[in-house]
Amino acid sequence: MHPSITEECVIPFNTLYLPQHLNRVLSVSCRAIHILIPNLKDRIPITWQTIPLPFLYHLPFFLLAYLARRPDTYLIRLFLLPLTIGGVVAAAYRFVWTPPEFNVYNWGQCLLAAVTIAKSLQYALTEEGMLKVGELRPGEMKGKGKEVTNGHADPIVHRGLSFVPPAVYDTIELIHTLRGLQWKFGQGAYVPKPNRPQERGPFLRATVISFIQNFLLLDYLESMIKLFPGVGSPFGGSIFYPTLSPFLKYSVSTLIHVLTGSTILAGFGMVYDLITLIAVGCLDGSPASWPPVVDNPWGADSMHNLWSKRWHQLLRQTFLVYGGYPGKWLAGDLGLLFGIFTASGLFHECAMYSMGGGYDHAAPIFFAMQGPILLLERLWNKLTGRRVRGWPGRLWVYSIIFLTAQPMTDAWHRRGLGGGMVIPPILSPTRMLFLPFARHFLSVCLQR
């Protein structure tokens, strides 16, 4: 059973030797926190009967997104913000997945809560509202305007579902967009070049094939991770096996680390393909609104290239809201850089904290390192006149990702990430067909 993040609040305040009025304020504050984030034993297990309730807590968020597309609603949005954040936090922390193999879903719903709160802050605090590219006010274009594209994204994408009122459609689109294609806040985000036909029929066929490929790859990689003792258990285990020799120990940990990263990439691809099929195939969306989610991260030849282009940009705005904008306000461009990566590290760790095992500094340290690493690359460029690139740059990227990120992967697996149920065994070709066949084949070979 993992601890509640509010259990630290049960310390008797009169033992802290604080002024009486401050003790009273702290006590009341902790009781208020307990209302939104109760102790684990007091949380509501998620069942088929209770699963609709978290969605009800998100209703203020939907209203806030709607108002962000209505002019002259700034004060209303500010007043609605506390209720919205309270509802999102309650949805994430008042309800809990209790089966050990479902513990990974507690991590997922806390990740969702962090993204939703960042969106809420942006919707409420942006005085002009959430504008699309070329708009003067929500729904009002600047005459002909000047269309500005993000990377390879098409700035002119006609929406489907013409029977849906424009205000409702805009609300749904605003809630679900992460990279901000055709939105003012998304300007400057890199969008990979389309790698599929842009005609509807061929695009859907290519997406179906990609979905099947990513599903099979994800299933295989997840099944391989679950074969490692401890790591593949819902209760978790370290990727560093102490009984092995140093060479084998770090060879195995590197293998698990690479499998974990590959699994995350395959998962991104599979989920993105599924959502794309629904949006384009069922909701009449435009293929131009669904460019690739990543741009071959394995081909990155500098850390700047990896983080700014190759890796997914889905959480770019989240990290800007939590760390980038405050950092820039405090310390300019340097604060922007360090703020983004500080927010990224805390984002990953605070969500993983919900799986139990206490707080771990590995993820915050790894992401905090990225700021100095990018500054080193810039310094190299200034001193030599050459960018970090080519095969030396790729070795540089691989050394950082494969070596310095292993403690973060270890922290995740010690919480049970590798033992979480992503693909149910009954739907797993690897576990239903491949592994039984491989075991039989090996037993036959060993008997000869």
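Trainee: Let's start with helices. How are two packed helices described?

Mentor: Two packed helices are described by the angle between their axes and by the distance between those axes. In this predicted model, take helix H4, residues 74–93, and helix H5, residues 103–125. Their axes are 9 Å apart, and the angle is about 175°.

Trainee: Are H4 and H5 roughly parallel or roughly antiparallel?

Mentor: An angle over 145 degrees counts as roughly antiparallel, and therefore H4 and H5 are roughly antiparallel to each other.

Trainee: Which residues in H4 meet residues in H5?

Mentor: On the H4 side, they include Tyr74, Leu78, Leu81, Ile85 and Val88. Among their partners in H5 are Cys110, Ala113, Ile117 and Leu121. Sorted by class, this contact of H4 with H5 has 16 nonpolar, four polar and one charged residues.

Trainee: Now salt bridges. How many does the count come to?

Mentor: The count comes to 17 salt bridges. Let's walk through three of them. In one, the side chains of lysine 132 and aspartate 170 meet, with 3.2 Å from N to O. Lysine 132 sits in the loop between H5 and strand E3, whereas aspartate 170 belongs to helix H6, residues 166–176. The pair links distant parts of the chain, 38 residues apart.

Trainee: Is aspartate 170 buried or exposed?

Mentor: Aspartate 170 has a relative accessible area of 11%. The cut-off for buried is under 20%, so aspartate 170 is buried.

Trainee: Which residues are linked with Lys132 and Asp170 in a network of salt bridges?

Mentor: Arg69, Glu135 and Glu173 join Lys132 and Asp170 in that network.

Trainee: Which residue forms a salt bridge with arginine 431?

Mentor: That partner is glutamate 222, and the closest N and O atoms are 3.3 Å apart. Arginine 431 is in helix H14 and glutamate 222 is in helix H7, so the pair links parts of the chain 209 residues apart. Glutamate 222 is buried, at a relative accessible area of 4%.

Trainee: And what do the side chains of arginine 414 and aspartate 360 do?

Mentor: They meet in a salt bridge, with 2.8 Å from N to O. Arginine 414 lies in helix H13 and aspartate 360 in the loop between helix H10 and helix H11, so this pair ties together parts that are 54 residues apart in sequence. Arginine 414 counts as partly exposed at 37% relative accessibility, whereas aspartate 360 is buried at 16%.

Trainee: Which residues does glutamine 122 touch?

Mentor: Leaving out residues up to four places away in sequence, glutamine 122 touches Met130, Phe185, Gln317 and Val321. Glutamine 122 has its place in helix H5 and is buried, with a relative accessible area of 11%.

Trainee: Where does aspartate 72 lie?

Mentor: Aspartate 72 lies in the loop between helix H3 and H4. At 69% relative accessibility, aspartate 72 counts as exposed. Glutamine 182 is found in the loop between H6 and H7, and glutamine 182 is buried, with a relative accessible area of 13%.

Definitions and conventions
Residues numbered from 1 in each chain as written. Predicted model: local features only at pLDDT ≥ 70, side-chain atom pairs only at ≥ 80, totals over all residues. Heavy atoms only, no water. Axes fitted to C-alpha atoms, helices over the stretch in contact; angles between N-to-C directions. Helix = DSSP H or I, 4+ residues; strand = E, 2+ residues; numbered from the N terminus. Parallel < 35°, antiparallel > 145°, perpendicular 65-115°, else oblique. Contact = heavy atoms within 4.5 Å. Nonpolar A, V, L, I, M, F, W, Y, C, P; charged D, E, K, R; others polar. Salt bridge = Lys/Arg side-chain N within 4 Å of Asp/Glu carboxyl O. Buried < 20%, exposed > 50% of the residue type's maximum accessible area, 1.4 Å probe, protein only.
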